[in-house]
Amino acid sequence: MSLPVETYRFASFTLNAATRQLLRGQQEVPLSPKAFQLLRLLVTNGDRAMSKQELHESLWPSTFVVETNLASLIAEIRRALDDDAAKPRFVRTIYRFGYRFVGEAEASSTGPISPVSTARHWLIWEAGQAPLADGHNTIGRGPNASVWIDLPGISREHARIVVAGNDARIEDLGSKNGTYVAGEAVTTPRRLVDGDQIRLGPIVVTFRVPSLSAVTETAT
């Protein structure tokens, strides 16, 4: 049985849990995976304030992280929502406790996925996947990365994939452990094609371009 699509709408924004997208109207707003997860936690628990400890345990279970990591994600969310910490419309700081979502969010069990916002390029690896938006997509373990990979050996801003229509090119951002495509070091922007294996320090990700004309094979 398929699960219902979890969608939340507030002001001009739509938070779609199925596609892991934050939209303003029909335009996707870039948000790192951890920031998306945090925003979803706050929105789904909008009837109460959430403590910093609870948020830490949800975002980084069994892992010690400094408190500034949470503050950085909150700052990223506020930038994405054009929110003001002094006069919040969406995310309010609860002094010496945590945070609460104070916007009026409308939840629905089904939500249409707009074809305008459907990603045409993806990065896929063993632990997850991430859509690539048109424009610059930074890959790294910094809190503002478009594709957030929190692993030792990944630089805060490791590499960048620039998408322009059907064209996608990757470049290294001076990472400590380098960026490689098909075993070759990326020293200048390199065009990507479907199926390219990209090594970022210790991890290998696959660049994919889903085909709309792919035929489903009959299971035997």
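A salt bridge is counted here where a side-chain nitrogen of Lys or Arg lies within 4 Å of a carboxyl oxygen of Asp or Glu. By that rule, the side chains of R169 and D167 form a salt bridge, at 3.0 Å from N to O.

The model is predicted: local features need pLDDT of at least 70, side-chain atom pairs count only at pLDDT 80 or more, and totals for chains, interfaces and linings use all residues. Residues are numbered from 1 along each chain as its sequence is written, and side-chain values use heavy atoms, with hydrogens and water left out.

**Overall make-up**

The protein chain has 3 helices and 19 strands. Of the 220 residues, 40% count as buried; buried means under 20% relative accessible area, exposed over 50%, and partly exposed in between, with a 1.4 Å probe and protein chains only. The accessible surface comes to about 12700 Å², and carbon and sulfur atoms hold 50% of this area. Areas are from the Shrake-Rupley method with a 1.4 Å probe, and for residues only the protein chains shown count as cover. Among contacts (heavy atoms within 4.5 Å) between residues at least 6 apart in sequence, 45% join residues at least 24 apart.

**Salt bridges**

The whole structure holds 8 salt bridges. Three of them are tabulated below.

| Pair | N to O distance |
|---|---|
| R24 and D82 | 2.9 Å |
| R169 and D167 | 3.0 Å |
| E171 and R160 | 3.4 Å |

R24 and D82 form a salt bridge that links distant parts of the chain: R24 is in strand β3 and D82 in the loop between α3 (67–81) and β6 (91–94), 58 residues apart. R24 is partly exposed, with a relative accessible area of 34%, whereas D82 is exposed at 52%.

In the salt bridge of E171 with R160, E171 belongs to strand β14 (residues 167–172) and R160 to strand β13 (residues 159–164), so the pair ties together parts 11 residues apart in sequence. E171 is partly exposed at 21% relative accessibility, and R160 is partly exposed at 22%.

**Surroundings of L192**

L192 sits in the loop between β17 (190–191) and β18 (197–200) and is buried, at 4% relative accessibility. Leaving aside residues up to four places away in sequence, L192 touches I161, A168, R169, I170, V181, I198 and F207. Between L192 and V163, 29 residues apart in sequence, the C-alpha to C-alpha distance is 9.9 Å.

**The largest pocket**

On a 1 Å grid over the protein atoms alone, a pocket is an open set of points with protein on both sides within 12 Å along at least five of seven lines, and its lining residues have an atom within 4 Å of a point. The largest pocket has a volume of about 570 Å³, taken as the space filled by probe spheres set on the points, which are joined across faces, edges and corners. Its lining has 28 residues, with P33, Q129, A130, S146 and W148 nearest the centre. At least two lining residues come from each of β3 (21–24), α1 (33–44), β10 (128–132), β11 (135–140) and β12 (147–148), and β10 gives the most, with 5 residues. The lining divides into 17 nonpolar, 7 polar and 4 charged residues; Ala, Val, Leu, Ile, Met, Phe, Trp, Tyr, Cys and Pro count as nonpolar, Asp, Glu, Lys and Arg as charged, and the others, Gly among them, as polar.

Definitions and conventions:
1 Å grid on protein atoms, 1.4 Å probe; cavity = no way out; pocket = protein on both sides within 12 Å on 5 of 7 lines; lining within 4 Å. Helix = DSSP H or I, 4+ residues; strand = E, 2+ residues; numbered from the N terminus.
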